[in-house]
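Hello,

Here is the structure I promised to pass on. My notes on it follow below.

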Amino acid sequence: MNITKPGENKLYVQDQERFSSNLIPNTIVYGPITITAEAHSDSAIERVAFYIDGTLKSNDTEAPYEYLWQPLIQLNGLSLKHTIKVVAYNQQGFNASDEINVTEHDLARLRLVLQEDVQGTHDQHQCFARAG
């Protein structure tokens, strides 16, 4: 069981990966994102459950396993931390899980924070300019 999107230390804007770096202390999400996962078992996968902050949001019974999460957009520089957890259940009753912590940000504040952290290459600044 493995969450394939979102990935660690990446920035996602409107479901698109825009930047990946160890300069980003965690995964940052702005707008909707498709959460994807891979699940493998010796017996058939019965379902894959997607949780946000401990609340079941969706069950998927066919690969590719995915859920479109549409978090509320925070305004006025606020951000929220969330835990995405995905649990795969096989037909024998066993399960496996993976989770990732993400921060949902207001894009205007996010752009300022990241530009301060990545003072450097022209390409990085173009990436953020296109994201807005």
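A search of the whole structure finds 1 aromatic pair. Phe50 and Tyr67 form it, with 6.1 Å centre to centre and 35° between the planes, which makes the pair tilted. (Rings of Phe, Tyr and Trp, the last by its six-membered ring, pair if their centres lie within 6.5 Å; planes under 30 degrees apart count as stacked, over 60 as edge-to-face and the rest as tilted.) Phe50 lies in strand E6 and Tyr67 in strand E8, so the pair ties together parts 17 residues apart in sequence. Phe50 and Tyr67 are both buried (under 20% relative accessible area; exposed is over 50%, partly exposed in between, with a 1.4 Å probe and protein chains only).

Before you read on: this is a predicted model, where local features need pLDDT of at least 70, side-chain atom pairs count only at pLDDT 80 or more, and totals for chains, interfaces and linings use all residues. Residues are numbered from 1 along each chain as its sequence is written, and side-chain values use heavy atoms, with hydrogens and water left out.

Strand E6 (residues 45–52) runs antiparallel to strand E7 (residues 55–60), joined by 5 bridges. (Strands are DSSP runs of E, at least two residues, numbered from the N terminus; two strands pair if DSSP finds at least two bridges between them.) Ala49 has Asn59 in E7 as its bridge partner. The hairpin of E6 and E7 has 2 residues between the strands, and Asp53 there takes a positive phi near 50°. Arg47 has its charged end over the ring of Tyr89, 4.0 Å from the ring centre (the rule: NZ of Lys or CZ of Arg within 6 Å of the ring centre and within 35 degrees of the ring normal).

Next, the open sheet. Its 3 strands come in the order E1-E5-E8, with antiparallel pairing. Strands E1 (2–5) and E8 (65–69) are the edges, each pairing on one side only. E1 and strand E5 (residues 33–38) share 3 bridges. Ile3 stands opposite Ala37 in E5.

Last, the charges. The structure holds 2 salt bridges (a side-chain nitrogen of Lys or Arg within 4 Å of a carboxyl oxygen of Asp or Glu). In one, Asp15 meets Lys5, with the closest N and O atoms 2.9 Å apart. Asp15 sits in the loop between strand E2 (10–13) and strand E3 (16–20), while Lys5 is in strand E1, 10 residues apart. Both Asp15 and Lys5 are buried. Glu17 and Lys10 also form a salt bridge, at 3.3 Å from N to O. Glu17 counts as partly exposed because its relative accessibility is 42%.

Best wishes

Notes. Helix = DSSP H or I, 4+ residues; strand = E, 2+ residues; numbered from the N terminus.
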